[in-house]
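Here is a short briefing to read alongside the sequence and the 3D view.

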Amino acid sequence: MGRAKEIIVKVITSKIANAFIKKVHYSGKVVSNSNLHFGCFLDKQLHGVMSYGSPLDKNKVLPTVKDTGWNEMIELNRMAFDSYLPKYSESRCIAISIKLIKKNAPQIKWILSFSDGTQCGDGTIYRASGFKLIGIKENYNLCKLPNGDTIHKMTLESSPNVKRKELNNISYYDLTKGKYNFKKYVEKTKSIILRGYQLKYIYFIDKKMESNLTKPIIPFSEIDKIGAGMYKGEKITLKERKENKRD
């Protein structure tokens with residue numbers, strides 16, 4: 001574990017967290033629903049951020065685990081770590097953040113998170129942190145604009161009335177006449193769909209709630225069977241990673 005044991009994890013403000021995420025995260029974007037931010041400090045400097053919050057559509061998410069109350073789950077919706085942190089830092093920081101949530105927000109029973117195989121990876125950190133895999137699906141919800149920027153369908157749908165530069169200062173809803181129509185947005189902006197996979201992970205703080213899971217737990221080996229394995233944006237199998245000691 002080495003120097004990873006020296007990392008201090010503590011709650012930070014959204015202002016500090018968002019500034020770091022915009023600088024370090026591959027997307028360069030924050031999640032507007034994030035309201036709990038943990039900073040990861042080494043040598044008295046901030047080198048990592050984990051942001052938790054409500055899912056964009058909680059009504060769709062709650063049935064994942066039966067008998068979950070409205071405030072009994074949370075989503076880990078952004079992680080950003082710079083290269084200064086040593087190996088194993090991410091999984092250690094997640095573990096500490098979960099302990100802090102368990103202590104200070106005991107109503108939280110489980111945590112949900114997604115891994116973007118299109119741009120980043122297939123969830124190596126989640127697997128190392130004890131999360132269970134409950135979903136793998138092809139992802140057609142991310143597009144690349146002509147200027148090289150990327151945007152996710154959910155970004156548009158979470159703020160449909162915001163004026164957008166790429167739409168000549170009209171909103172997503174102005175374009176689609178108040179409907180969710182990602183295809184129309186892609187056509188209008190002359191974007192390219194980035195194809196890949198989205199993987200869904202879950203962690204049970206309250207282990208008794210695991211029996212209420214309404215989706216089957218998927219063996220990690222299924223990632224290779226489907227061809228969904230990625231590492232830092234490059235296609236690679238779990239087997240290859242272990243052989244190359246990159247996992």
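Predicted model: local features only at pLDDT ≥ 70, side-chain atom pairs only at ≥ 80, totals over all residues.

The chain has 9 helices and 14 strands. Its radius of gyration is 18 Å, close to the 18 Å that the globule rule gives for 247 residues, so the chain is as compact as a globular protein of that length.

**Overall fold**
- Along the principal axes, the C-alpha atoms fill a box of roughly 50 × 40 × 40 Å.
- Of the 247 residues in the chain, 45% are buried.
- Among contacts between residues at least 6 apart in sequence, 69% join residues at least 24 apart.

**Surface and charge**
- The accessible surface of the chain is about 13700 Å², and 51% of that belongs to carbon and sulfur atoms.
- You will find 45 positive and 24 negative side chains, with the centres of the two sets 3 Å apart.

**Aromatic rings**
- The structure holds 8 aromatic pairs.
- One of them is the tilted pair of Phe 131 and Tyr 203, at 5.3 Å centre to centre and 50 degrees between the planes.
- This pair links distant parts of the chain, 72 residues apart: Phe 131 sits in the loop between helix 4 (124–128) and strand 6 (132–139), and Tyr 203 in strand 12 (residues 196–204).
- Both Phe 131 and Tyr 203 are buried.
- Tyr 172 and Tyr 173 have ring centres 6.5 Å apart and planes at 15 degrees, so this pair is stacked.
- Tyr 172 is buried, with a relative accessible area of 0%, whereas Tyr 173 is partly exposed at 23%.
- Ring pairs join Tyr 172, Tyr 173, Tyr 180, Phe 182 and Tyr 185 into a cluster.

Notes: Residues numbered from 1 in each chain as written. Heavy atoms only, no water. Helix = DSSP H or I, 4+ residues; strand = E, 2+ residues; numbered from the N terminus. Rg over C-alpha atoms; globule rule 2.2 N^0.38 Å. Buried < 20%, exposed > 50% of the residue type's maximum accessible area, 1.4 Å probe, protein only. Contact = heavy atoms within 4.5 Å. Areas by Shrake-Rupley, 256 points an atom, 1.4 Å probe, with all protein chains shown as cover. Lys, Arg positive; Asp, Glu negative; His and termini not counted. Charge placed at Lys NZ, Arg CZ, Asp CG, Glu CD. Phe/Tyr/Trp six-rings, centres within 6.5 Å; stacked < 30°, edge-to-face > 60°.
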